[in-house]
Amino acid sequence: MGKIYGVALIGCGQMGAAHLENIYYKDNVNIRCVCDIDAEKAQVFMKKFNAERMETDVDRCLEDEQIDIVICATYPSTHLEIVRKCLEKKKHVICEKPITTNLADGKEFVRLVKSHPESKVLIGHILRHNHTYQTAAKMIQEGAIGKPVIFRMAQNHHTMNWSRYLELIKETSPIIDCGVHYIDVMQWFTGEKIIHVDGIGQRTEHDVPEDKYNYGLITVRLSGGSVGYYEAGWSNTMSSDNLKEFVGPRGSLKIIFRKDRQTHQEEGDLIEYYKYPEKTYEMINITGKRKPTDAQFDHLINMIENGAQATPTIDEVFNSFQLAIIADENIRREKEFFIEKKDV
């Protein structure tokens with residue numbers, strides 16, 4: 001058996017659970033510590049994932065010399081300082097996206113990562129490790145639908161836990177939080193660079209701060225002529241939507257996750273491939289997890305043991321983050337967010 005890695009999780013929330021649920025059974029993983037400022041959450045995670053101990057303080061968590069890998073699944077505003085402390089302690093890191101909440105901190109995040117080559121850092125762009133997205137990327141790169149590509153993408157949430165989303169909106173916007181994934185997807189799938197980005201946004205909930213918004217749509221133009229949009233809304237009144245369609249002159253691909261299939265969910269995800277001018281459809285079933293945090297973890301191990309490159313690289317991560325920040329700034333600058341002043 002190879003090396004067993006001591007793992008610590010910082011942030012015992014939804015994404016923290018998604019990470020541990022997929023790795024705690026691995027033979028090369030020993031969950032040393034779970035950490036959260038909420039002691040009750042940390043206690044639950046310690047029991048659920050058989051962690052050796054729990055902490056409410058990051059510094060105490062990182063004192064353990066047997067911790068090799070830290071998974072940072074906290075709010076974006078805390079990422080920079082947590083990662084700084086991890087690198088000072090020579091830990092390897094998986095950090096959730098977005099890397100920070102503003103451009104200056106994002107630049108410092110990248111500087112830190114590059115100044116500590118002894119520690120491997122992988123940012124949680126989980127779609128890069130998703131087999132369905134990998135398959136779609138390969139098909140587009142090999143010319144299945146031709147170029148230029150039109151990206152039609154939306155991920156809207158009808159929120160059943162509004163307080164959770166509201167806290168995240170106070171940190172960042174839906175366009176930054178989720179948009180970094182899909183900005184990366186457009187460049188990854190095509191090999192093109194985004195040369196223009198813009199957007200619109202609106203607040204439809206009274207308790208969203210006046211300088212924030214809970215609905216955004218960004219438009220993108222790429223260097224090879226491809227274009228796209230990404231729509232993200234978190235709302236008590238918006239219906240949930242998960243559209244991922246890629247259209248070219250020779251056909252189109254549509255990703256339909258297993259959970260969204262009307263039939264044959266046991267076959268996994270579906271890529272609906274329309275071929276033109278044949279005017280025929282091909283249904284491609286893909287088995288795999290929607291959030292393959294185990295595959296992402298395995299990639300970090302490959303970086304540690306074999307010197308593999310991060311996927312995406314830290315420069316690609318920063319590029320997507322910077323473009324999302326620009327889109328967000330355009331939305332804020334050009335739109336006065338209005339909501340009717342009346343009691344609800």
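Which residues lie nearest the centre of the second largest pocket? I looked this up in a predicted model, and found that Val113, Val121, Met303, Ala310 and Ile314 lie nearest the centre, out of 14 residues that line this pocket.

I then noted which elements give two or more residues to that lining, and they are helix 5 (103-115) and helix 10 (314-334). By class, the lining of the second largest pocket holds 7 nonpolar, 4 polar and 3 charged residues, and I recorded a volume of about 260 Å³ for the pocket.

Next I turned to the largest pocket, where the space comes to about 1,500 Å³. I counted 49 residues in its lining, with Gln14, Met15, Arg164, Leu168 and Asp177 the closest to the centre. Two or more lining residues come from each of helix 1 (14-23), strand 7 (150-158), helix 7 (162-171), helix 8 (174-190) and strand 11 (241-248).

For the chain as a whole, I listed 10 helices and 14 strands, and I saw that the C-alpha atoms fill a box of roughly 60 × 55 × 40 Å along the principal axes. I checked the radius of gyration as well: the chain has 21 Å, which agrees with a compact globule, because 344 residues packed in that way would give a value near 20 Å.

I noted that buried residues make up 54% of the chain, while the accessible surface comes to about 15,900 Å², with 48% of it belonging to carbon and sulfur atoms. Finally, among contacts between residues at least 6 apart in sequence, I found that 70% join residues at least 24 apart.

Notes
Residues numbered from 1 in each chain as written. Predicted model: local features only at pLDDT ≥ 70, side-chain atom pairs only at ≥ 80, totals over all residues. Heavy atoms only, no water. 1 Å grid on protein atoms, 1.4 Å probe; cavity = no way out; pocket = protein on both sides within 12 Å on 5 of 7 lines; lining within 4 Å. Points joined across faces, edges and corners; volume = space filled by probe spheres on them. Helix = DSSP H or I, 4+ residues; strand = E, 2+ residues; numbered from the N terminus. Nonpolar A, V, L, I, M, F, W, Y, C, P; charged D, E, K, R; others polar. Rg over C-alpha atoms; globule rule 2.2 N^0.38 Å. Buried < 20%, exposed > 50% of the residue type's maximum accessible area, 1.4 Å probe, protein only. Contact = heavy atoms within 4.5 Å. Areas by Shrake-Rupley, 256 points an atom, 1.4 Å probe, with all protein chains shown as cover.
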